[in-house]
Amino acid sequence: MPDRCVSKQTLQRLPAYLNFLKSAQLKGSKYVSATMVAEALGLNDVVVRKDLSAVSKKGRPKVGYVRIELIRELEGFLGYDNSQDAVLVGAGRLGQALLGYSGFPQYGLNILAAFDDDPALAGAEVAGKKVLPMDKLPGLCRRVGVHIGIITVPGEHAQAVCDQLIKSGILAVWNFANAHLQVPEGILVQNENMAVSLALLSNHLKERFSTKGSAG
């Protein structure tokens, strides 16, 4: 059996492998090797081989993996074949953009509804999803058994929203707010911090232009 306990770095690479396996350039190919994946994605083939061995033990020397089988195993490992229901709190522009994103189902995520404390948004519908008042949050989460909460509120409100989600039975939080969340042990928080991402991009450009300037 494959090793189900993998590092966070491996988990972050697996979706890229899956996208490549489904890409047009491999359409019609029966087999794929770790070396092919590594070359296409600019990664070390030893790293890719180790990652894939954590998911599947069906790779054959000099042949590789049956592409369709490896796709199924990756989807199963990542949970993409088992839809996970989620709720979203904060139906502003970012929240509405996420509600309107049609790609989530292929990754096993199904946003059931959005919640917001703005009375003007109560009862509205965004991309087929209802926007409900916050007092409906606990009931829906417990009734349906939702365990994923998405936070898209301003940073100053994020902790209070997170606390409400956890009290409603949420076990995993996808946080888009610019705030550090304090959560009890056993609750997972995945932060999407745009400020950090922008800082990394800006620093990269600064280093590139600095290198060019010193070379000139």
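Reader: What covers the buried residues of H1?
Author: This is a predicted model, where local features need pLDDT of at least 70, side-chain atom pairs count only at pLDDT 80 or more, and totals for chains, interfaces and linings use all residues. Residues are numbered from 1 along each chain as its sequence is written, and side-chain values use heavy atoms, with hydrogens and water left out. Helices (H or I, at least four residues) and strands (E, at least two) are DSSP runs, numbered from the N terminus. The cover, by contact (heavy atoms within 4.5 Å), includes strand S1 (31-32), helix H2 (34-41), helix H3 (45-55) and H4.

Reader: Which residues in H1 are buried?
Author: Buried means under 20% relative accessible area, exposed over 50%, and partly exposed in between, with a 1.4 Å probe and protein chains only. In H1 the buried residues are Thr10, Leu14, Tyr17, Leu18, Phe20 and Leu21.

Reader: What is the order of the strands in the open sheet?
Author: Two strands pair if DSSP finds at least two bridges between them. The sheet is open, has 7 strands and shows mixed pairing. Its order is S5-S6-S4-S3-S7-S8-S9.

Reader: Which are the edge strands?
Author: An edge strand here pairs on one side only. That holds for strand S5 (125-126) and strand S9 (188-191).

Reader: How many bridges join strand S7 to strand S8?
Author: S7 spans residues 148-151 and S8 spans residues 172-175. The two run parallel. Isoleucine 150 stands opposite tryptophan 174 in S8. The bridges joining S7 to S8 number 4.

Reader: How many aromatic pairs are there?
Author: Rings of Phe, Tyr and Trp (its six-membered ring) pair if their centres lie within 6.5 Å; planes under 30 degrees apart count as stacked, over 60 as edge-to-face and the rest as tilted. By this rule the count is 4.

Reader: How many residues apart in sequence are the parts that tyrosine 80 and tyrosine 107 tie together?
Author: Their pair is edge-to-face, at 5.2 Å centre to centre and 75 degrees between the planes. Tyrosine 80 lies in the loop between helix H4 (67-78) and S3, and tyrosine 107 in the loop between helix H5 (93-99) and strand S4 (109-115), so the parts tied together are 27 residues apart.

Reader: Is phenylalanine 104 buried or exposed?
Author: Phenylalanine 104 forms an edge-to-face pair with tyrosine 101, at 4.8 Å centre to centre and 85 degrees between the planes. Tyr101, Phe104, Trp174 and Phe176 form one aromatic cluster. At 10% relative accessibility, phenylalanine 104 counts as buried.
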